[in-house]
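Work through the following exercises with the sequence and the model at hand. Each task is followed by a solution in steps.

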Amino acid sequence: LHKTLYVLFLLFQVLGAVILGFGIWILADKTSFIAVLQMSSTSLKTGAHVLIGVGALTMLMGFLGCLGAVNEIRCLLGLCFTCLMLILLTQIAAALVIYFQKETLKIELSSIVVDVIKNYDPSNEDKRNVRDAWDYVQTQIACCGWTGAKEWENNEILRNKSNTEYPCSCSNRSKDLVEGRGFCVLDDPVNGTATYADWPVHEQGCMDGVEQWLMDNLGIILGVCTGVAVIELLGMILSISLCKNIHSEDYTKVPKS
C-alpha cells in the first residue's frame, strides 16, 4: 500500500507540472486561436490563472503525499486527502458551469471575434499579436470571419476603402497567402466599390472549423479528464486507507497493562 501510494503521488507531481505548464502556455501563446481569446477575454485569463494555481497545488500535494506515504505521517496523508477532494469538487463544478453556460460562452466567443475583425488594423502595432493570431486561424482553417466573410464589411478600414480591399488571410489564392496578413487589393473593383461577394475569399466561417476541431478532440479531452478524476479518486481512497492502517498499527503497539 505504501509503495502504491508513493508511486501515485509521484504521478500527481508529474500531473501538476503538466497542468501548470498548460496554464502558462495559455498566457504565453501568441500565435493560435487561444491567443485571440486570452487577449480579449477575462474568462480565459482567469481560467489560466486557476490552472496555474491547481497545477502548483497538485505538485505540492504530490510532494507532501510522498513524504506522508514513506514516513507514515497521518497529518500529511489527511491533508492530501482533503486537497484531492477539493480539487475533484472544483473540477466537477467547472464542468457543470461550462455545460450549463455553454450558450453564454458561445455568445461571448462570437462577440470577441467580431470585435477583433471590426478593429483589425495592420498598422496598429499594439494589437499585432491578436491580429497575427487571427490571421493564423483563418489561414490554417481556410475560413473567413466568424460566421462568414460578410463580417469583414464592418471593418472600419475596409469600409473607408469601399471594400476594394480584403483580408489576405481569407484569400483562396496562393499568391495572397504568401504574405498571409494585412489587406490585399482587388484586381478589378466593380465601379470603384465592392462587397464581400466580390472578394476571392473562402466562404466558410471560422466558427464551423473551430467547432469541428472541438468535436474531433472532445473524446481525447473527456478521456483525459476522466482519467485524472479516477486517479484523484484512487488517491483519496488509498490515502484514507493508509491513515486507518497507521492508526490500527499504532493501536496494536500500545502495551497492555
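**Exercise 1. A serine in a loop**

Where does Ser169 lie?

Solution. The model is predicted, so local features need pLDDT of at least 70 and side-chain atom pairs count only at pLDDT 80 or more, while totals for chains, interfaces and linings use all residues. Residues are numbered from 1 along each chain as its sequence is written, and side-chain values use heavy atoms, with hydrogens and water left out.

Step 1. Ser169 is in the loop between strand E1 (165-167) and H8. Helices (H or I, at least four residues) and strands (E, at least two) are DSSP runs, numbered from the N terminus.

Step 2. The relative accessible area of Ser169 is 0%, so the residue is buried. Buried means under 20% relative accessible area, exposed over 50%, and partly exposed in between (1.4 Å probe, protein chains only).

**Exercise 2. Disulfides**

How many disulfides does a search of the whole structure find?

Solution. Step 1. The search finds 3 disulfides, a disulfide being a pair of cysteine sulfur atoms within 2.5 Å.

Step 1. Cys143 is joined to Cys206, S to S 1.9 Å. This link is right-handed, with 85° about the S-S bond. Cys143 is in the loop between H6 and H7 and Cys206 in helix H9 (residues 206-252), so the pair ties together parts 63 residues apart in sequence. Both cysteines, Cys143 and Cys206, are buried.

Step 2. Cys144 is joined to Cys170, S to S 2.2 Å. The torsion about their S-S bond is about 90°, so this disulfide is right-handed. Cys144 lies in the loop between H6 and H7 and Cys170 in the loop between E1 and H8, so parts 26 residues apart in sequence are tied together. Cys144 is buried at 0% relative accessibility, and Cys170 is buried with a relative accessible area of 0%.

Step 3. Cys168 is joined to Cys184, S to S 2.0 Å. With a torsion of about 120° about the S-S bond, the disulfide of Cys168 and Cys184 is right-handed. The pair links distant parts of the chain, with Cys168 in the loop between E1 and H8 and Cys184 in strand E2, 16 residues apart.

Step 4. Counting bonded cysteines along the chain, the pattern is 1-6, 2-4, 3-5. Cys66 is in no disulfide, and its nearest cysteine sulfur, that of Cys80, is 8.5 Å away. Cys83 is in no disulfide either; the nearest cysteine sulfur, again that of Cys80, is 6.4 Å away.

**Exercise 3. Aromatic pairs**

How many aromatic pairs does the structure hold? Describe two of them.

Solution. Step 1. The structure holds 4 aromatic pairs. Rings of Phe, Tyr and Trp (its six-membered ring) pair if their centres lie within 6.5 Å; planes under 30 degrees apart count as stacked, over 60 as edge-to-face and the rest as tilted.

Step 1. Phe9 and Phe12 have ring centres 6.0 Å apart and planes at 40°, so this pair is tilted. The two residues are 3 residues apart in helix H1 (residues 2-28), separated by about one helical turn. Phe9 is buried at 0% relative accessibility, and Phe12 is buried with a relative accessible area of 1%.

Step 2. Trp152 and Phe183 form an edge-to-face pair, 6.3 Å centre to centre with 90° between the planes. Trp152 lies in the loop between H6 and helix H7 (156-160) and Phe183 in strand E2, so the pair ties together parts 31 residues apart in sequence.

Step 3. Tyr120, Trp152 and Phe183 form one aromatic cluster.

**Exercise 4. Salt bridges**

Which residue does Arg181 meet in a salt bridge? Locate both partners.

Solution. Step 1. The side chain of Arg181 meets that of Asp132 (3.8 Å, N to O). A salt bridge is a side-chain nitrogen of Lys or Arg within 4 Å of a carboxyl oxygen of Asp or Glu.

Step 1. Arg181 is in the loop between helix H8 (174-177) and strand E2 (183-185) and Asp132 in helix H6 (residues 128-141), so this pair links distant parts of the chain, 49 residues apart.

Step 2. Lys161 forms a salt bridge with Glu165, with the closest N and O atoms 3.3 Å apart. Salt bridges that share partners join Glu125, Arg128, Asp132 and Arg181 into one network.
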